[in-house]
Amino acid sequence: EAAYEHLRALAFDAATGAPRELSLEAENVVLELAQSDQNRALAQRVLGRLRQRDPGNRTRYLLRKVELLLEADQQRRDVAERRGDELGTGQAAPLGEEAVSLLREALRQDAGNDLLLSALSRILMLQKRPEEALALWQQAASRATGAAAIPLLERQAELQLSLSDLPGHVATGLRAVELETDVGRRREGFKRFLDRLTAADSSGRELDPAVLQERLQQVVAALTAAAARHPFDGFYPEALAQVHLRADDAPAAFAAMKRAYYTAPDTPFSLEQLRDAALRVEDVALAIYFQKQIAAKAPMAEVARENRLLVELLERDFRIEEADQARQRLERRFAQDVKALQALAKHYQETGQDEARRRVLEQVIKVQAWDGKARLEVALACVKLGEHAAARAHLEALLAALPAGFAKVPVFPAVPLPLTESRHPGKRGP
């Protein structure tokens, strides 16, 4: 009551009693008071004034009026149902019919207003009139041109999916993607479309694998047709590859990735993705092709690793001579980098390339002649390869490098124990 008294003092002149125009801020305060007091009649009068005085927020005020109409309609129905009147038995007009008429009238003046379309669509769905709701979005999208139609088509596609109209959803969703001219936004739009299609069914449950495959096949068919219509557009092979990856079809995915790579230079697939896809389908020759580019562009910290992988792929494809050349180029490139040489020697040890390991370790002691550990490793590598004279020479050089006064190990004509640990765990003897 105190709030109403204060507002009356603002709304009417104290001397003459003539009404005064309130500011927009004061009108909004009256609106909040009316709604909190459930005074719908006053709230609707205020909203009518605000729509006239504040055109920039006309849609917001209209939607609040729609909410009031729905609340009043539902309240009347609840009362009638309790009394057993006809209004509560389902024989009266559908819930929100007045709100529908109000929204349709507003849309005649502002046909592309997404907020009004959404509100009307929700009420029509509430009234169990899905065909009219779908037609609403279809008409709105047909009137829009270019990128303006994209959000309308996306809403139409969402409604079609909720109505289990899968072919319609796929066609509409891809049409929205096709209208996007910016490549980055087009990729984002397609990802959203594909995520939504494969996330859940209309009730929100996880898709059965068979249903998921069926959905993906429909997308594949639609994208294949689009790719045929636009043979020089690299987006469609790229999108097909994404779909095939979701379907775990590695050969089809790689075929689409290759088409995208050769059609569009800005394909989103990295060389690493292309190499891995080639390896999944056992196309080692193409994997080598991509790996060569990766190795050539690799940053300094990754050069050795990428070149080692290149050598492995060449050997896997039985291109031994080319593998040896690549290995030698790698060793020459890092001939003065001890850290890189040690990493390379470790790789050779792990992959069983004993001769290559010995060669790299010898280069290490050329760079760091004082490195006794590296010289010992060279000697042991020589023993493993059966080069005993070379091993002896390295060991003698190691002993000669010991500081003066260091206890010398006597040289026996026959060593009683092996140079390397060869005993089995848990046993006392060899």
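## Helices and buried residues in a predicted chain

Of the 430 residues in the protein chain, 38% count as buried (under 20% relative accessible area with a 1.4 Å probe, protein chains only; exposed is over 50%, partly exposed in between). This is a predicted model, in which local features need pLDDT of at least 70 and side-chain atom pairs count only at pLDDT 80 or more, while totals for chains, interfaces and linings use all residues. Residues are numbered from 1 along each chain as its sequence is written, and side-chain values use heavy atoms, with hydrogens and water left out.

Student: How do α17 and α18 run relative to each other, roughly parallel or roughly antiparallel?

Tutor: Helix α17 covers residues 320-333 and helix α18 residues 338-350; they pack at about 150°, with axes 10 Å apart. The axes are lines fitted to C-alpha atoms over the stretch in contact, and angles run from 0 to 180 degrees between N-to-C directions. Angles under 35 degrees count as roughly parallel, over 145 as roughly antiparallel, 65 to 115 as roughly perpendicular and the rest as oblique. Therefore α17 is, relative to α18, roughly antiparallel.

Student: Which residues does N307 contact, leaving aside neighbours within four places in sequence?

Tutor: N307 lies in helix α16, residues 300-316. N307 is buried, at a relative accessible area of 15%. With those sequence neighbours left aside, its contacts are A295 and L330. The latter, L330, also belongs to the α17 side of the contact with α18.

Student: Is E238 buried or exposed?

Tutor: E238 is found in helix α12, residues 235-246. Beyond neighbours within four places in sequence, E238 is in contact with R187, A260, T267, P268 and F269. Its relative accessible area is 5%, so E238 is buried.

Student: What distance separates the C-alpha atoms of L361 and L344?

Tutor: L361 lies in helix α19, residues 354-367, and counts as buried at 4% relative accessibility. Not counting residues up to four places away in sequence, L361 touches A345, E377 and V378. L361 and L344 are 17 residues apart along the chain, and their C-alpha atoms are separated by 9.2 Å.

Conventions: Helices (H or I, at least four residues) and strands (E, at least two) are DSSP runs, numbered from the N terminus. Contact means heavy atoms within 4.5 Å.
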